[in-house]
Amino acid sequence: MYEMNRDKNKRDEPSSFMGRVVSVGFFGGLFWGIIGFFAYYLNLSKIGPALILAPWALGKWKSQWLGQLIGVVVIALLSILVAIVYRFLFSRIKSKFAGIFFGVLLWVLVFYLLHPIFPDLEPMNKIGRNTISTTLCLYILYGVFVGYSISFEYQERQEAKNGQST
């Protein structure tokens, strides 16, 4: 009986960890997307969550509240993929600096490398210091949230696994 329960726990562990990664990604994207919407609404940033819709959606609706809301949901869904990438690249590092680095890396990816696919995104020299600092801080906070949550869960599971084997 004990042997059967132990084997069941071993099979469930990777999927439950991946489930945790998916939920951290989704809720991290949802939470920080909403914070990004408030930053846009309060004019702290010229860029709202609807920026993610720019390559595909046509019409003026995407810059209004409905577009911002749909942008938050799309960001939450894409954040699942981002969290999975973090899990495979950095989950072994339990440090806030890994999350900071990851957030800065994402910001550079969006605002420099993917800049051509966002037609509504102004060049960096015209976007303004408020928008740059606000978005960079949001990306860093997102990176720390996702990174530290995933790394913490990874470390806890490793400690539990090492504790069981001894």
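Predicted model: local features only at pLDDT ≥ 70, side-chain atom pairs only at ≥ 80, totals over all residues.
Me: What should I know about the model first?
Reply: Local features need pLDDT of at least 70 and side-chain atom pairs 80 or more, while totals for chains, interfaces and linings use all residues. Residues are numbered from 1 along each chain as its sequence is written, and side-chain values use heavy atoms, with hydrogens and water left out.

Me: What volume does the largest pocket have?
Reply: Rolling a probe the size of a water molecule over the atoms shows where empty space is left. On a 1 Å grid over the protein atoms alone, a pocket is an open set of points where a 1.4 Å probe fits, with protein on both sides within 12 Å along at least five of seven lines. Here the largest pocket has a volume of about 710 Å³, the space filled by probe spheres set on the points.

Me: Which residues lie nearest its centre?
Reply: Lining residues have an atom within 4 Å of a point. There are 29 for the largest pocket, with Ile52, Ile75, Leu78, Val110 and Tyr139 nearest its centre. The lining holds 21 nonpolar, eight polar and no charged residues.

Me: Is leucine 77 buried, exposed or partly exposed?
Reply: Buried means under 20% relative accessible area, exposed over 50%, and partly exposed in between (1.4 Å probe, protein chains only). Leucine 77 is partly exposed because its relative accessibility is 47%. Valine 104 is also partly exposed, at 31%.

Me: How far is leucine 77 from valine 22?
Reply: They are 55 residues apart in sequence and 9.4 Å apart in space, C-alpha to C-alpha.

Methods: Nonpolar A, V, L, I, M, F, W, Y, C, P; charged D, E, K, R; others polar.
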